[in-house]
Structures are given as structure tokens and as C-alpha cells.
Amino acid sequence: MTSLLETLEGTLGAWATNLLLGFVILAGLITVNAMFMVWFERKVAGWVQGRLGPMEHGPQGTLQTLLDVIKLLGKESIIPDSVDRKVFLLAPVVAFLPALALLSLLPYDANMTMTDVESGLLLIFAFGGVSLMGIFMGAWSSNNKFALLGGMRAVSQNIAYELPLLLSAMAVVLCAGSLNLGDIVAAQTGADGLWFIFLQPVALGIYLIAATAETNRAPFDIPEAESELVAGFHTEYTGMGFAVFFLAEYTYMFIVCGVGATLFLGGGDGPVLPGPVWFLLKVYFLLFLMVMARWTYPRLRFDQLMNLAWKFLIPLSLINLLATAAILKLV
Amino acid sequence: MSVESTTLKAYAEHPRTPEYGALRFGTLTPALEKAPEDGTYFLNMGPQHPSMHGVLRLLLRLDGEMVVHCEPVIGYSHRAHEKMAERGIFAQFLPNPSRMDYLGGMIYNVGYCQAVERAFSIEVPERARVLRTLCCELNRISSHLLWFGTFLLDLGAFTPFLLAFQDREKILDILDSASGSRLTYCYASFGGLTLDIPDDFAARTRQYIKEQREAFHTYHELVTGNVIFQQRCEGVGVFSKDTVLSYGMTGPNARASGIAYDVRKAEPYGFYPELDFEVPTREEGDCLARYFVRFEEMEQSLRMVEQCLDRLPDGPVGPKKPLVRVKPKPGEYYHCVESPRGQFGMFIVADKNPEPWRIKARTPSFSNLSAMAEMLEGTMVADTIAILGSIDIVMPEIDR
């Protein structure tokens, strides 16, 4: 392993080797996370619904998703005649690619951020907005009314929920005094550090709701509401096109929960176990909450969803932000 | 010459020919054909759509998310049941009614038998009368459970669907042990039942009743108190009393709008006159009212099943030799029963032949669906699905 790295560094140079390494690790993380999450989600669903979930392939059905991936790879990608071909093919890529950049910004442990930038949090929200473009491109280019309706819903929903997401994160930023994710974790650890879940419980609640909506997950999955819009924005996608959208969804779930763990649960902070393990444990705990919400609640209606964001979450997060600022100024 | 040209002309003018755009939309009325200049657009929902309950097709004109105009198209599962009845003797139609409404199969099967028995004065032993009522009520619960599951599925909640199916499974097993089939029953025959119940039937049913009451508690905790669920249902799809009466809606949908009409009380049949039960009604007429009415009905049905079990007499369940050839008396006869969706009527016209001259089924979902189209105007797409789910239609029963 070491000799391989040395050879690589010799031929490519240190910068390119790091880039390559980071890329391979992130790609691995994305794939493994998606495969684990699909299995995990089906198992939790089974548990909630009083059944077993996947059991056939591997112990407790752990190989099920691997086989699903192989099946999806083998599927024919049908591109309907009436679609806008270029945009249609580009859409899944646009939806998925920001995920790579986003994963590299997460602080997995104190000194384990692949791209350590000062305004990491800002970058995360900026890149997160790009994936919406992919969804809308897919919906628009499909030339399908169900897809278009889904795309319209996705855009208005994401714009509405971006605000409470940002505002609740800003309250944490005020407490930590930095936009750098590593610094935010550092502010929660150490001798007098306190996890922001205790200082900002309201912000955490708003963040979780907005993050669920931002990733188009149930009960906010109206862009792909299968009982209304067939499959919403990805109605016309088959095979790998669909799989990439799917992969993007699970990766974004990981990212919003990763940011949540960083902002509110102290990132890699915890006793005994090493930092990255704690980080992943916290992320998957938040993911578990999202999965449970999906299998418990009915779906909101479009206007109710908008009302929740504009009339409740945004004012609440503004009040929370102002209160945080006022208290910080006075204390 | 003249006949031929008239026929051809009729064919050319028939709205199903391509000249009328039938290949794209079927028959379009002016409200749907409107030019898209007013910003509205046409959306074809179904017959292949995840929540069209089989093969319903809705032609919608939408303004953004709002429904401007809606036209249901039916007939995709037409199987000519009524015509089939004319092709054989009365007994040969026995398997058909339960295939019209596959969720209330037992009730349809019993309803047809009772219609024939009432028309031609055939005696039914007491035990068969009680057992038929018992099985019908179990069937009603299973139908309402499936409605509960699919309604919540339409609202986007997946878990209640599976919970409801697990409980429904128990009923199907119980009815399977008695009748030998799980969905499309042919348990009743003229003059009684085809088979007696197995020995452990009563014990299993009592056990099921106990479990079901606990399960209702779980449903209410999971669904009824949920804020999202209540917001999705409250005030959505309100049927006024006038609408209900003018469209001839019956069953839980009518009772949710404050019309306490139940065939079991209004025109008692079978063992119902001797049972103690209530007809739950609500005044609101919205999806939530229909939800509560169906739940209260299930609890009443459980009570009825218990009473039937307590008062089950011994004796034969039918004639010694199966009554295959009934002797018809010429005339017109009508008998109706309360299906899970409303009034199911059998209109029989008999002459002296052993085959029915005509059988007409009055099925409740047809009226309920007709009223829905008017109701959908001005609602959102998501409401369309919720209302459709809440009125509980079964397509083969509409198309027959």
C-alpha cells in the first residue's frame, strides 16, 4: 500500500495523488453509503411494519442491494423520442456531481476534512442548490406532464426550505463564530465545549425538518409523490439514469445528516471510539430518524408544505436567529 | 344502399373514430377540448396510474395544481357479467357476483342468492341465515381494512397499508377455512350454504375479534391523531346532502354526509333484523367523516359477528341435495343488500325458462364515482387522489 502510494506520488506528484485518493475514497463512500442505506431503509421499514425485510441474499439480506445494483446496471436505458436528449442525459449528472464536492467538505474528524476552506458551510449550501438544477433539468426535458409537475414542486419546495435551513444553521454559526466546519466542531468540543444541540434545540428541529424537505424525503416527497405523480421528476428515467438520481438522493441524505451532526452533535466528538466512527454513528442516527419519519407519516399537500415553510419555519428560524444574536451580544 | 350509407355515416361520425381525436384522448367534451390559451392544460391520469384503484381513467384540465374540470372514463374492465347471466341457468351465475366486487365478494354472492330465494320463495335454514350474515360482516371488515390501507397509501403513508393487510389476512384465512376461497367467494348457494363451517371456526373468529380491537387502537395511534393526516382530510371533498341524494350515493359515503340510510336497517334482510347494531353517521361529509364512519362500521361489524357467534343454532346449512335448477316464476324482482360501498341491488326478470331473461346489477360505486367528478373541480391534484381514495371505488363493480 505504502509503496503504491510512493510510486503514484513519484509519477503524478503529491497534489494529483491526493486528488486521486480523495476521489476514490469519496466514490467508495457514496456507493457504500447508498447500498447500506437502501438495505437499512428496507430493514427499518420491515421492522416498523412487522415484517422481516430483505432476507434472501446474504445474512439478513445484506447482499440484496448489491444484486439490485447489478440488476440496474443490466437494465436497458430507454430514452423516449420526445425528450430533449442532451438535457435529459445531462440531468442525472448535474444532480449527482455536487455530491462529490459536498462530501469532501465534511469534517469526518478533527483533522480529516478533505477540502478545508474557511467558508465551508456556505459552500455546502451553495453546492446543494446546484443539485436542484439537475432535478429540474430532468423534469423539464422529459416532456412529460407528471415530470413537469414534479419539477415545479421540487423547485418551489427547495427554494422555500433553503431559507429555514440556512437560518437555522446561521444560529449555530453565530454561536461558534465561524463558517469553517472544523472550527464549529472545535467550538463544541474541548473542556468547556457544549454540543449545540443543547444550546440550539429549536434550530436543530428546524434544521431536521428543512433537511428532510430539502432532500425530497417523505413526508415532504411531493416532487416524486408516487400516488399522485407516478414517479414525479424521474418518471421517464430508466436503468442507470434512474439509479443515478437514486444515488444522489441517498448521498444528499448523508450530507445533510453529516452537516447536522457537525453543527449540532459535535461532529467526531465522543469518548473511547475514534472520531470518524463517532461521526458516522451520529450521521446514521440522524438518517435513522429520517427513515422512521418516512415510514410513519402521510405526505403533506403542496400548499400545506409551502405554508409550513413560509408561515411557520422561516419566522421561527428568524426569531431564533435574532434571539441567539441578542443573547450573544448581551452575555 | 341507403342503409349502408347511413351505417357508414354513423361510423364516420361516431366520436370514437380518429377524426374526433379518439386516438389521443378518447371522447373529449368541450370543457376538456378548450384551447390552452387560458393557461390550463390537459392531463390524462390512468388507466395505468398507481392510485387509480384498478383501471379508472381521469381526464383532467388543470390550472397549475388546481383541477378545473374532471371527467372519469370507465369501462376498462367491462366483462359483460349481466350478459353472462342470460346465457346460463340461475345457478350458473353464482360465481359471477363475487367477481364484480372482489372486495365484497361474500356480500355480493349472498345478495344474489337472497334475491333468487326471495323471488322464487326458497326456504333457508336458520343456521345458514346466521352464518351468511356472519361471513358478510367479516367480509365487510376485510373490505374496509383494505380501504383503510389504500386510502392511506394514496395519502402517502405506506405503513398503515401493510398493517391493514396483516389484519385482513386473518379474515381471509377464516373465510378460506369456511368457504375454500379467499377473495372471490362462492359460499352461498340457493337455499343455504355449500359447506358447513369447520369446528375451530368460532374459536378462531373470537380470537381474531380480540386482535382486531387491539389493532384498531394501533391504527388510531398511528394515523387518526396524526396532524398531517387530519390536515389532508379535514374539509377536503365535502359532499353535501343534496349531492348525495341527487346522485344516489349510498353506503358509508352517504352516511358521512348525514344521511342515515343503511339497507340493513331500511330494508332488513338475512339475520340483520334480530341483531343489535347502530348505523354510524357524520354530518361533515368530508374525507375525515368518511374515515370515521368506516371505522365505526368496522366496530359495529365486529359486534355483529360476536352476536352471530353467540346465537349460532345447530342444524343443516342447506338443502340435502344442492338446488341447481330453480323453478322460476315469471316476473320482475328486486332485492338489495348493503355492500361495503353502498346499496347493491339485483334486478331479476324471469320468464318460464330456467335461464334468467335479464339480470341487472345496481352497484354503488357507479353512483359514488359520478358524484365525485363534480366534486373534484377546484381541488388540488393531491386532493383528487385523496378524495378518490376516500370514496372507495372498485372498478370491476362499476364496469361489470
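**View 1. Chain A meets chain B in this predicted model.** The contact draws 22 residues from chain A and 27 residues from chain B. Two residues are in contact if their C-beta atoms, placed from the backbone, lie within 7 Å. On the side of chain A that touches chain B, α10 (226-229) and α13 (302-330) of chain A each supply at least two residues. Helices are DSSP runs of H or I with at least four residues, strands are runs of E with at least two, and numbering starts at the N terminus. The touching side of chain A holds 10 nonpolar, five polar and seven charged residues. Here Ala, Val, Leu, Ile, Met, Phe, Trp, Tyr, Cys and Pro count as nonpolar, Asp, Glu, Lys and Arg as charged, and the others, Gly among them, as polar.

Residues are numbered from 1 along each chain as its sequence is written, while chains are lettered from A and ligands numbered from 1 in the order in which they are written. The model is predicted: local features need pLDDT of at least 70, side-chain atom pairs count only at pLDDT 80 or more, and totals for chains, interfaces and linings use all residues.

**View 2. An open sheet in chain B.** Three strands line up in the order β6-β7-β8 (chain B), with antiparallel pairing. β6 (331-339) and β8 (356-362) of chain B are at the edges; each has a single partner strand, so one side of each is left without a neighbour in the sheet. From one strand to the next, the twist averages 15°. Strands pair if DSSP finds at least two bridges between them.

**View 3. β6(B) beside β7(B), with a helix across.** Nine bridges join β6(B) to β7 (residues 342-350) of chain B. E332(B) has V349(B) in β7(B) as its bridge partner. Helix α6 (residues 105-119) of chain B lies across β6 and β7 of chain B, at about 150° to β6(B). Axes are lines fitted to C-alpha atoms, for helices over the stretch in contact, and angles run from 0 to 180 degrees between N-to-C directions.

**View 4. The hairpin of β7(B) and β8(B).** Five residues lie between the two strands of this hairpin. Six bridges pair β7(B) with β8(B) in the antiparallel sense. The partner of A350(B) in β8(B) is P356(B).

**View 5. Two domains of chain B.** Domain 1 spans 2-73 and domain 2 spans 81-399, with bounds from an automatic or database domain assignment. Their C-alpha centres lie 32 Å apart. In chain B, 14 residues of domain 1 are in contact with 16 residues of domain 2. Strand β3 (residues 66-73) of chain B gives the largest share of the domain 1 side, seven residues.
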